[in-house]
Amino acid sequence: MNIPATRKDLMIVNMGPQHPSMHGVLRLIVTLDGEDVIDCEPILGYLHRGMEKIAENRTIIQYLPYVTRWDYLATMFTEAITVNGPELLGNIQVPKRASYIRAIMLELSRIASHLLWLGPFMADIGAQTPFFYIFRERELVYDLFEAATERVEGVGIIGREDVINWGLSGPMLRASGIQWDLRKVDHYECYDEFDWEVQWQKEGDSLARYLVRIGEMTESIKIIQQALEGIPGGPYENLEIRDVDRERKPEWNDFDYRFISKKPSPTFELPKQELYVRVEAPKGELGIFLIGDQSGFPWRWKIRPPGFINLQILPQLVKRMKLADIMTILGVLVIVWLEREISAGIQQRIGPEYAGPWGVLQALADGAKLLFKENLFPSRGDTRLFSIGPSIAVISILLSYSVVPFGSHLVLADLNIGVFLWIAISSIAPIGLLMSGYGSNNKYSFLGGLRAAAQSISYEIPLTLCVLSISLRAIR
Amino acid sequence: MDNQSIFQYSLETFPKKWVHLMERSEHGNRFDTNTDYLFKLLYFLKFHTYTRVQVLIDICGVDYPSRKRRFEVVYNLLSTRYNSRIRVQTSADEVTRISSVVSLFPSAGWWEREVWDMFGVSFINHPDLRRILTDYGFEGHPLRKDFPLSGYVEVRYDDPEKRVVSEPIEMTQEFRYFDSASPWEQRSDG
């Protein structure tokens, strides 16, 4: 029998610009040697909207609605920096009360951005279900994943030298041992008056970046609480500047203007100077290089986005890594793109401290809760299906961990048919989704359940076919 | 060491011919240099002990059509050791080539590609100088002042040809230029 010759060509795979697990319209051209990644080239521009050229044709006030569309998870930061530039150029002082209000809004935005990164990040590294539970069960997921896999520890290490050379900023910088936070270094707004620490780690891997972001959320809460206690009274806008540079014309005292005209928005001249203003956005240093031209419109408005530069290091990171780890690394690089789904609401929760010492039994408690706690049932739905459905979905997926090898000898059940067992068990999950959707007696939930089941099946069928064909080929 | 001292120190230390203009202001200090000396100046700033400007934050292109060398390329730099920022600027026209600083600052790779794509200033020794933000097959350099805000072509999917085609733009509404003056002033004219 002929032993088939193995081919040693490199394979080039195109991921995107649309892809189920990619965040938005990023296109990656990946060169693979089997499972190892040799090279990865990102191709950008699918969301290029000409923001900088538009800025040259709008006054600052007219431009403000555009800036929230840069990074729409952290909108306060984009607006803050758009006004900071002209404020510094025109030497406009902001009252203390406004500065406190800004600090509160910025830190709330930081928490929102980090939380909304966390959900899809978990989805990327394999846990679809936690995406829906993330706002309630984030502690459970964190414990589960760190114990079960080393998908975040040791992955995507960026050293100190590389971080400086590649111009990274934000959590990427602080996870590699550099304690650099613009809020402390630049002393902007009123951050000096609060008692808070810069969150940083030394290792520079994905776990470190994860820890930095979680820590930042806690620090943000501290800042917000201190700001709320200490917020001063007084005006919140600089009332003198409203009337800047506008000659009073005599006809403005006429009937038409006094009783019909609306309050015009303040437009002021940007002096002919250059200025680079920056803010510590959740993803890093967001900066504007502003050249004024003695008119209402800026001459040049250069946006320095943190995500653009943080992405540039991707090809370096993924060399010699496994294909699946690209998702992990990309998740922590945190690039905001259009296709990302934004779930509403941020739930507050302290974390496990009651179930067992240090909350170690929380996983058990949560499992039990899944089965027993739900006390709101639809009056006319099928209550048995409704209550069992989620349990079936989660239990079947968790069971499949038993055959997944996390290391060369780290497998619970080392079966030869392990991969098929995994496919079989995890394919029970859509049944649970359908059960809960149907049992709710609500057509929207039903449709949601159908959609979720359709999605799971649409992944499983091609997956099974691929696995099947390879296994058949591998049998001698 | 703050903004002023590294600025002062570097002024005193490197050869005078490297810089033909320098400006210091409360909004930041800057050096204007020639394209010939750009690499040397950045090398000095990066490696010298008392400046140690190791982070390239941003490379920005600016178009001043009234000047002979119409483009200005601005390098925004940061020293984390001394917590100070400095700007280095150089001028170029459509055919001047600037030497790339990728070997000093790897982050310059994409910034220089963006300046090339948006302005048309090319860089010598750049490992991969091609477009980064505009569409495949796009012609023109959008951020130049003579390139209109709405561009020249629009794209649509053409069903008979089964592909995306580029056509000259058709605007259903004329571009309205909202002047900073009060809208009521225009009303009093007509």
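Accessible areas here come from the Shrake-Rupley method with a 1.4 Å probe, and for residues only the protein chains shown count as cover. On that basis chain A exposes about 24800 Å², with carbon and sulfur atoms supplying 59% of it. The model is a predicted one, so local features need pLDDT of at least 70 and side-chain atom pairs count only at pLDDT 80 or more, while totals for chains, interfaces and linings use all residues. Residues are numbered from 1 along each chain as its sequence is written, chains are lettered from A and ligands numbered from 1 in the order in which they are written, and side-chain values use heavy atoms, with hydrogens and water left out.

Chain A has 476 residues, of which 47% count as buried; the cut-offs are under 20% relative accessible area for buried, over 50% for exposed, and partly exposed in between (1.4 Å probe, protein chains only). Its secondary structure comes to 18 helices and six strands, taken as DSSP runs numbered from the N terminus (helices are H or I with at least four residues, strands are E with at least two). Contact means heavy atoms within 4.5 Å. Among the contacts in chain A with a separation of 6 or more, 63% are between residues 24 or more positions apart.

Two helix pairs in chain A are worth a look. Helix α2 (residues 60-67) of chain A packs on helix α3 (residues 75-89) of chain A at an angle of about 155 degrees, with the axes 9 Å apart. That makes α2(A) roughly antiparallel to α3(A). For the geometry, axes are lines fitted to C-alpha atoms, for helices over the stretch in contact, and angles run from 0 to 180 degrees between N-to-C directions. Angles under 35 degrees count as roughly parallel, over 145 as roughly antiparallel, 65 to 115 as roughly perpendicular, and the rest as oblique. The α2(A)/α3(A) crossing is right-handed; the near helix turned clockwise from the far one by less than a right angle gives that label, and anticlockwise gives left-handed. On the α2(A) side, Ile60(A), Tyr63(A), Leu64(A) and Val67(A) do the touching, and they meet Thr78(A), Glu79(A), Thr82(A), Val83(A) and Pro86(A) of α3(A). Sorted by class, this contact has six nonpolar, two polar and one charged residues. The classes put Ala, Val, Leu, Ile, Met, Phe, Trp, Tyr, Cys and Pro down as nonpolar, Asp, Glu, Lys and Arg as charged, and the others, Gly among them, as polar.

The second pair is α16(A) with α18(A), packed at an angle of about 165 degrees with axes 11 Å apart. The two are therefore roughly antiparallel to each other, and their crossing is left-handed. Here Val419(A), Phe420(A), Trp422(A), Ile423(A) and Ser426(A) from α16(A) meet Glu460(A), Leu463(A), Thr464(A), Val467(A), Leu468(A) and Ser471(A) from α18(A). The tally for this contact is seven nonpolar, three polar and one charged residues. Within helix α16 (residues 418-426) of chain A, Gly418(A), Ile423(A), Ile425(A) and Ser426(A) are buried. Their cover includes α15 (383-399), α17 (429-439) and α18 (443-474) of chain A.

Gly287(A) sits in strand β5 (residues 284-291) of chain A and is buried, at a relative accessible area of 0%. Leaving aside residues up to four places away in sequence, Gly287(A) touches Ile81(A), Tyr276(A), Val277(A), Arg278(A), Lys302(A), Ile303(A) and Arg304(A). One of these, Ile81(A), is 206 residues away in sequence, yet the C-alpha to C-alpha distance is 7.2 Å. His187(A), by contrast, lies in the loop between α8 (182-185) and α9 (206-230) of chain A. This residue is partly exposed at 49% relative accessible area, and its phi is near 50 degrees, a positive value in a residue other than glycine.

Turning to chain B, there are four helices and nine strands, in the order α-β-β-α-β-β-β-β-α-β-β-β-α along the sequence. Buried residues make up 49% of its 190 residues, and chain B exposes about 9900 Å², 51% of it from carbon and sulfur atoms. Of the contacts in chain B with a separation of 6 or more, 46% involve residues 24 or more positions apart.

Arg81(B), between β4 (71-79) and β5 (84-92) of chain B, is partly exposed at 48% relative accessible area. Beyond residues up to four places away in sequence, Arg81(B) touches Thr49(B) and Arg52(B). Asn125(B), in the loop between β7 (122-124) and β8 (153-158) of chain B, has a positive phi of about 70 degrees although it is not a glycine, and at 67% relative accessibility Asn125(B) counts as exposed.
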